[in-house]
Amino acid sequence: MGQQGIEVILLRQLASYLSMPIFIVDPTGTLLYYNEPAEALLGQRFEETGAMAQDEWATSFRPISGDGTPVPEDQLPLVRALADRHPAHTSFWIEGLDGVRRHLSVTAFPIDSQSGRLLGAVALFWEAAP
Amino acid sequence: MKVTLWGTRGSLASPGAETARYGGNTSCVEVRGDAGTILVVDAGSGIRRLGRAVPRDIHRLDILLTHLHMDHIQGLGFFAPLYWDDVEVHIWGPASVTLGLRERLQRYLSPPLFPVRLRDLDCRLTLHEVTRDEVEIGEFHVRASFICHPGPTVGYRIADSRAAVAYMSDHEPALAWGNGPGSPEWTSGYDVAEGVDLLIHDAQYTADEYAERIGWGHSAIDDTVTFALHTGARRLVPYHHDPSHDDEQLDRMTAHAREAAASSCEVLPGCEGATVTI
């Protein structure tokens, strides 16, 4: 894989210093990185999962709505942020790779380079009240 | 190709007896191809002397700006070919999010900072906004890529059919490292410097100085060597010397870099006036 854009490299570095769980995906939705706080939510270390294609991570964490129905992939905030190039927010439940269910609020936004090129998207997670 | 260092200093021109060997002029490098193409990389105060070395019968010149900090553009108005009406000059450089390259350059090339306006230059001037471009200029293939430095800043990789040089005058790759460089995918500037025959790279600080200036956009000499080894550069010119470093200090830093690089990468002193043929 070629070198990431400097904006994405710096975002990853910033994410590695923050206590908020953060996901970074590329323009195709491939998961490039998640930080240690996100590892705690998802139940698996990034070094163990590595980069994951969108259809893989979107189903691995089993996002479900409050009524127990699966959240369609195209309704996930990261996917919407990429598709619409606009921030997206929602809440859902996930079952992490460790098998634990968690209630999450998620805000995602696209990463537009200074030249207007879409470089990917970032999602910030908060653990919501059960 | 021949690569000549016309200005090696960073931040501020620093002439004087104590900087005579490494030079006091700010960033400017000439890359001259075998077929006569001349690329001028950055337009610090060193570009004035380069202007006297440009053949008067040249038809086209290209100036590649890495960014628009003052030490990289302050010589523009003193570059003689800009006042030759029979020469085509192309200036390449990054825009900002809100201002185009022309507007950004006009902030300097206009009163009260400079008496001559950009539009008043005699040459046939064309401006090109650089993003992540690859272009052919004469016999050269030029690639620009944004690198880690405050504000829009690019590094340039210039290659002909036989060799490649990378120019990264202002670059702090260590800001995006954890405990040393990671994979190429996550290393700022890797795609510019990978496997080049000559790497001209920011080495403004000693390790102790860098510890007090993290995030300023420049590198410690140790990180410069690490980056050169990581990218597989064959030769390294430490560059963008701090104005406070005299020749003796720079000798010590060059020796330190040579020791750190050992036999993996040849370290050449970044002296103004030096020419490297690759």
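In the predicted model, B:Glu88 has B:Arg124 of β6(B) as its bridge partner. This pair belongs to the contact between strand β5 of chain B, which spans residues 88-93, and β6(B). Six bridges join the two strands, and their course is parallel. In general, the strands of a sheet pair through backbone hydrogen bonds, in either a parallel or an antiparallel manner.

Both strands are part of an open sheet in chain B, which is built from seven strands. Their order is β6-β5-β4-β3-β2-β1-β14, with mixed pairing. The edges of the sheet are formed by β6 (124-129) and β14 (275-277) of chain B, each of which pairs on one side only. From one strand to the next, the twist averages 20°.

The pocket analysis turns to chain A. Two or more lining residues are contributed by each of the elements α1 (6-17), β2 (31-34), α2 (36-42) and α3 (46-49) of chain A. Among these elements, α1(A) provides the largest share of the lining, namely five residues.

Technical notes: Residues numbered from 1 in each chain as written. Chains lettered and ligands numbered in written order. Predicted model: local features only at pLDDT ≥ 70, side-chain atom pairs only at ≥ 80, totals over all residues. Heavy atoms only, no water. Helix = DSSP H or I, 4+ residues; strand = E, 2+ residues; numbered from the N terminus. Pairing = 2+ DSSP bridges. Axes fitted to C-alpha atoms, helices over the stretch in contact; angles between N-to-C directions.
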